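These are my notebook entries on one structure. I set down what I looked up, entry by entry.

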Amino acid sequence: MRKTATRLRLAGALAAALMLGGIATGPTAQADERHGKEPTLADLAHRHGRYFGSATDNPELVDEPYKALLGSEFDQITPGNGMKWYATEPQQGVFDFSQGDEIVNLARANRQKVRGHTLVWHSQLPGWLTEREWTARELRAVLKKHVQAEVRHYRGKVFAWDVVNEAFNEDGTYRESVFYKTLGPGYIADALRWAHQADPRVKLYLNDYNIEAIGPKSDAYYKLAKELKAKGVPLHGIGLQAHLALQYGYPTTLEDNLRRFSRLGLDTSLTEVDIRMQLPATEEKLAQQAEWYRDLTEACLAVRRCVGITLWDYTDKYSWIPAFFPGEGAALPWDEQLAPKPAYFALREALGGK
């Protein structure tokens, strides 16, 4: 834990920002400095060779103040839902990329890059896929068609894909998804190969939660990644979601974990960051949350192949947490009124800003 002085500094910075109407943002660090404005989180991260992004979702894009901050503070966007299977192939063989396209077009207009999320996941699947039995041959063909159709559609428009999402249980055993039960563990290597065939330049990731610390689940990914690399399967990175909660403790081995994946020749990124708390939020909890945001940012900066950080949306106004964890929330660096919280200033300090 940081000293009390740090907490007071963060609280004072928050009060000052609110009095002044918040921190000004701009498109580049150079432009900011010329106009006397504070550089954005993305500007600060860029100085370290990293990106700093946010997830977003299509219904939120009618909120103009939200959209303006999304477009100015960040240099990377992840579609929260618009590229998932239920949205992109609602009927077998009938593809609809309109939601993903909307976010890609927004990102292009803002000169932001896009992370594709996600090709293969056990959740948010369309009914036609989950409500019948498949032979291995049938499902393999369905999976290949879906992966390659989506990757081809976004070829050259996304810089990375979360190819397989949440493939393991907490104890490091394989999650028994429809893909695992029908095809066995080889579906992961197949999905990576098919994605690579469809776009040889895009970075391909495996992505999961609760793999920030070294333990059974992250060990399973380490073992799998090592095996895939040995076989020449195109895997370029591991995404650590970093959905953290104050009541469960900080993953103190995060930096060591990032380093061991780096030693395998893999990039890493913190892909879905939020830090929830049991409500109500207090000054003490917000100060602790700020320390955690600082610590995870410093861990990423300490490991050369940790290439970037993405918040799982940037404001409590659109956080997924309250709906899934009743009685919890306040997980993000901006509050429901889009005002910066202590966590925001901790992020700035960790990235070398004021």
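**Entry 1: The end of helix α15**

I began at the glycine that follows α15: glycine 352 has a positive phi, near 95°. I took helices (H or I, at least four residues) and strands (E, at least two) as DSSP runs, numbered from the N terminus. I note that this is a predicted model, in which local features need pLDDT of at least 70 and side-chain atom pairs count only at pLDDT 80 or more, while totals for chains, interfaces and linings use all residues. Residues are numbered from 1 along each chain as its sequence is written, and side-chain values use heavy atoms, with hydrogens and water left out.

The buried residues are Pro342, Ala343, Tyr344, Phe345, Ala346, Leu347, Arg348 and Ala350.

**Entry 2: The nonpolar core**

I next searched for nonpolar cores, each a set of buried Ala, Val, Leu, Ile, Met, Phe, Trp, Tyr and Cys residues joined through side-chain atoms within 4.5 Å. The largest has 92 residues, of which Trp161 and Leu206 touch the most other members. Helix α10 (residues 186-198) gives the most to this core, with 8 residues.

I listed the contacts (heavy atoms within 4.5 Å) of tryptophan 161. Residues up to four places away in sequence not being counted, tryptophan 161 touches Met83, Gly116, His117, Leu119, Glu150, Val151, Tyr154, Val202, Lys203, Leu204 and Tyr205.

**Entry 3: The largest pocket**

I used a 1 Å grid over the protein atoms alone: a cavity is a set of points where a 1.4 Å probe fits but cannot get out, a pocket is an open set with protein on both sides within 12 Å along at least five of seven lines, and lining residues have an atom within 4 Å of a point. Grid points are joined across faces, edges and corners, and a volume is the space filled by probe spheres set on the points.

The largest pocket holds about 800 Å³ of space. It is lined by 34 residues, and Gln241, His243, Glu272, Trp312 and Trp320 are the closest to its centre. Strands β1 (51-56), β3 (113-121), β7 (243-245) and β8 (267-278) each supply at least two lining residues; the largest share, 3 residues, comes from β7.

I sorted the lining by class (Ala, Val, Leu, Ile, Met, Phe, Trp, Tyr, Cys and Pro nonpolar; Asp, Glu, Lys and Arg charged; the others, Gly among them, polar). The pocket lining has 14 nonpolar, 12 polar and 8 charged residues.

**Entry 4: Two strand residues**

Is threonine 56 buried or exposed? Threonine 56, in strand β1, is buried, with a relative accessible area of 1%. Apart from neighbours within four places in sequence, threonine 56 contacts Leu61, Tyr66, Leu70, Ile77, Thr78, Pro79, Gly80, Ile103 and Asp313.

Lysine 113, in strand β3, is partly exposed at 35% relative accessibility. With the neighbours within four places again set aside, its contacts are Tyr51, Asp75, Gln76, Ile77 and Phe159. The C-alpha atoms of lysine 113 and phenylalanine 159 are separated by 6.7 Å, although the two are 46 residues apart along the chain.

**Entry 5: Cavities**

How many cavities of 30 Å³ or more does a search of the whole structure find? I recorded 2. The largest cavity has about 50 Å³ of space, and β3 and β4 (160-165) each supply at least two residues of its lining. By class, that lining has 6 nonpolar, 3 polar and 2 charged residues.

The second largest cavity has about 40 Å³ of space. Strand β3 gives the most to its lining, with 4 residues.

**Entry 6: Aromatic pairs**

I paired rings of Phe, Tyr and Trp (its six-membered ring) if their centres lie within 6.5 Å; planes under 30 degrees apart count as stacked, over 60 as edge-to-face and the rest as tilted. The structure holds 23 such pairs. Tyrosine 66 and tyrosine 318 form an edge-to-face pair, 4.9 Å centre to centre with 80° between the planes. Tyrosine 66 lies in helix α4 (residues 64-73) and tyrosine 318 in the loop between β9 (306-311) and α14 (321-324), so the pair ties together parts that are 252 residues apart in sequence. Tyrosine 66 is buried at 0% relative accessibility, whereas tyrosine 318 is partly exposed at 24%.

Methods. Buried means under 20% relative accessible area, exposed over 50%, partly exposed in between (1.4 Å probe, protein chains only).
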